[in-house]
Amino acid sequence: MRPQQWLKNSFVFVGIFFGHAWSDLFLITQVAAMAVAFSLLSSAIYIINDLTDRESDRNHPTKQHRPLAAGTVGVGVAISLAVVLLMLSLVLGLWVSQAGLLILLGYAFMNLAYSFKLKHVVLLDVFIIAAGFLLRILAGTVGVGIPPSQWLVLCSLMLTLFLGFAKRRAEIITLQEGKAEYRRVLAYYSPILLDKMITVTAACVLMSYGLYTMSPETIRVHQTENLIYTLPFVMYAIFRYIFLLHHRGKGGEPSRDLMRDPHILISVVGWMALTFWLIR
């Protein structure tokens, strides 16, 4: 189920944070329910993905220890658990709203297509991962009746593309000669190609976020012109992540790496604290 990956579902709370809705208890309950629904659904997808990848995972230096690849959990048990998690997720989504249910279904179908076919399509594989994060943001905005900010959607798209390309680069360096045996799409990537994409998406993250903080609409909604002063936290976190990718061999597991590096943690906490103080 990979509960350590549930950190990704914090994207669901973006709408509450920037929509000034943190005092609406019912809305917070709905968003929390969507976060739980995404956690259950993503765990079901992980199980299905592990089922389809169990042969190739046996050739991976770390993923060979996953229960299905190692043979410590049977296929029948895994399928049953995935179905239960999927049904619980959809029930929660329907409780929140029909829009929430449709977003969850869209996420499920997209990831099933990814697991069985699209993960082998170069570039599209990373864009699908990024689309999953956008659906999380929409679940916490459109799914509960909060209008989404187009600027924040763009920032999130660029950020998740950046992390996705960084993850592919880390996998290539880790697996080296055996990269195509584990993940066929890695045969089409190279460190040089990925470095170019990482550079472009990192620049787009900083540019789009900077423009968001200075947007007249942002200033009107948050009643402050000072959000631009949160940009250095974002810059430092991005640059630190690139440093870890190139000099510390990190990036293969973004959720784990983001939580274990004190520099990035302090940057995130500082960004959140200053942002909340400015828009409260």
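Trainee: Which helix gives the most to the lining of the largest cavity?

Mentor: Keep in mind that this is a predicted model. H2 (25–57), H5 (98–116), H6 (124–139) and H7 each supply at least two residues of that lining. With 6 residues, the helix that gives the most is H2.

Trainee: How many charged residues are in the lining of the largest cavity?

Mentor: The largest cavity has a volume of about 560 Å³. It is lined by 30 residues, and Lys 8, Tyr 46, Tyr 114, Ile 129 and Lys 167 lie nearest its centre. By class, the lining has 10 nonpolar and 8 polar residues, and the number of charged ones is 12.

Trainee: How many nonpolar residues are in the lining of the largest pocket?

Mentor: The largest pocket has a volume of about 1200 Å³. Its lining is made of 36 residues, with Ser 10, Phe 11, Leu 159, Val 268 and Trp 271 nearest the centre. Elements that give two or more residues to this lining include H1, H9 and H13. Sorted by class, 5 lining residues are polar, 1 is charged, and the nonpolar ones number 30.

Trainee: Which element gives the largest share of the lining of the second largest pocket?

Mentor: The second largest pocket holds about 380 Å³ of space. Of its 21 lining residues, Phe 18, Pro 147, Pro 148, Ser 149 and Val 221 lie nearest the centre. H1, H7 and H10 are the elements that give two or more residues to this lining. The largest share, 5 residues, comes from H10.

Trainee: What should helix H13 span, at 1.5 Å a residue?

Mentor: H13 covers residues 262–279, which is 18 residues.

Trainee: Within what arc do the buried residues of H13 fall, seen down its axis?

Mentor: The buried residues of H13 are Ile 264, Ser 267, Gly 270, Trp 271, Thr 275, Leu 278 and Ile 279. They line one face of the helix, because seen down its axis they fall within an arc of 140°.

Trainee: Which exposed residues does the face of H13 turned away from its buried side carry?

Mentor: Start with the buried side: what covers the buried residues of H13 includes H1, H9, H10, H11 and H12. The face turned away from that side carries the exposed residues Ile 266, Val 269 and Trp 277.

Key. Residues numbered from 1 in each chain as written. Predicted model: local features only at pLDDT ≥ 70, side-chain atom pairs only at ≥ 80, totals over all residues. Heavy atoms only, no water. Helix = DSSP H or I, 4+ residues; strand = E, 2+ residues; numbered from the N terminus. Expected span 1.5 Å × (residues − 1). Buried < 20%, exposed > 50% of the residue type's maximum accessible area, 1.4 Å probe, protein only. Arc of directions from axis to C-beta. Contact = heavy atoms within 4.5 Å. 1 Å grid on protein atoms, 1.4 Å probe; cavity = no way out; pocket = protein on both sides within 12 Å on 5 of 7 lines; lining within 4 Å. Points joined across faces, edges and corners; volume = space filled by probe spheres on them. Nonpolar A, V, L, I, M, F, W, Y, C, P; charged D, E, K, R; others polar.
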